[in-house]
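Welcome! Here is a short tour of one protein model, written for someone meeting it for the first time.

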Amino acid sequence: MTLRKIDPKTAHDWIHAGKAVLIDVREPDEYIKEHVPEAHLVPLSGFNTEDFPEEHDKIAVFHCKSGGRTEASAPRILQTGFREVYQLDGGIEAWRRAGLPVNENVKAPISIMRQVQITAGLLILLGVVLSVAANPWFIVLSAAVGAGLAQAGITGTCVMAVILKHMPWNRVISGQQRIAEIA
């Protein structure tokens, strides 16, 4: 099952003509950082094929950052009941390259997944350096982080992401401040 792709300019024209609805399937932390003004946020983590029943007579255009998540979720997206379903070719990155409007919030923190990558990378590096410089047992730190990343990939649940989501700099993402106030 694959989604038909649509270029940003055509999608923009359809949306402004009232023929289509744009659905952003990224997570709230990504949406807060940047989003297409007309896009409805429906994260894949809470995706429901029954969303937007009042708009099923319209064409649905789904997008993520570059297209990968949208394409991978095609079987679920195709079950939404819209008259026609498309994938925005190249995601929000292509939308921006086409010169179309994107709301950006420079005060928003970087995405949780980037924070996980940075934190995990630094912890693994620290474990290796300390195991060479101080005590070989510090390699356990690197092994634990690696095991945690493997567990996150297998289960789809990342403990480090949950912890980082509750850090003070991420209070917007964790619901202590409404997305609408930031976006």
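Which residue lies over the face of Tyr-86? The residue is Arg-4, placed at 4.5 Å from the ring centre. A charge counts as sitting over a ring if NZ of Lys or CZ of Arg is within 6 Å of the ring centre and within 35 degrees of the ring normal.

What you see is a predicted model, in which local features need pLDDT of at least 70 and side-chain atom pairs count only at pLDDT 80 or more, while totals for chains, interfaces and linings use all residues. Residues are numbered from 1 along each chain as its sequence is written, and side-chain values use heavy atoms, with hydrogens and water left out.

The predictor's confidence in each residue is given as pLDDT, from 0 to 100. The protein has a mean pLDDT of 88, with 92% of its residues at 70 or more. Confidence is highest in helix H1 (residues 8-16), at a mean of 97, and lowest in helix H9 (residues 179-182), at 45. Helices (H or I, at least four residues) and strands (E, at least two) are DSSP runs, numbered from the N terminus. Over residues 174-183, pLDDT stays under 50, and the model has 15 contacts beyond four places in sequence for this stretch. Contact here means heavy atoms within 4.5 Å. Where pLDDT is low, the predicted coordinates should not be read in detail.

## Two nonpolar cores

A nonpolar core is a set of buried Ala, Val, Leu, Ile, Met, Phe, Trp, Tyr and Cys residues joined through side-chain atoms within 4.5 Å. Buried means under 20% relative accessible area, exposed over 50%, and partly exposed in between (1.4 Å probe, protein chains only).

The largest core has 16 residues, of which Leu-22, Val-61 and Trp-95 touch the most other members. Two or more residues each come from H1, strand S2 (20-24), strand S5 (59-63), strand S6 (84-88) and helix H5 (91-97). H1 gives the most, with 3 residues. Beyond its neighbours within four places in sequence, Leu-22 has contacts that include Ile-15, Val-36, Val-61 and Trp-95. A second, separate core has 15 residues, among them Val-42, Leu-44, Phe-62 and Ile-77.

## Aromatic rings

How many aromatic pairs does the structure hold? There are 3. Rings of Phe, Tyr and Trp (its six-membered ring) pair if their centres lie within 6.5 Å; planes under 30 degrees apart count as stacked, over 60 as edge-to-face and the rest as tilted. The Phe-62 and Phe-82 rings form an edge-to-face pair, because their planes are at 80° and their centres 6.3 Å apart. Phe-62 belongs to strand S5 and Phe-82 to the loop between helix H4 (74-77) and S6, so this pair ties together parts 20 residues apart in sequence.

Phe-62 is buried, at 1% relative accessibility, and Phe-82 is buried too, at 8%. Ring pairs join Phe-47, Phe-62 and Phe-82 in a cluster.

## Around Ser-142

Leaving aside neighbours within four places in sequence, Ser-142 is in contact with Leu-123, Ile-124, Gly-127 and Val-128.

Val-129 is found in helix H6 (residues 112-133) and is partly exposed, with a relative accessible area of 45%. The C-alpha atoms of Val-129 and Ser-142 are separated by 9.9 Å.
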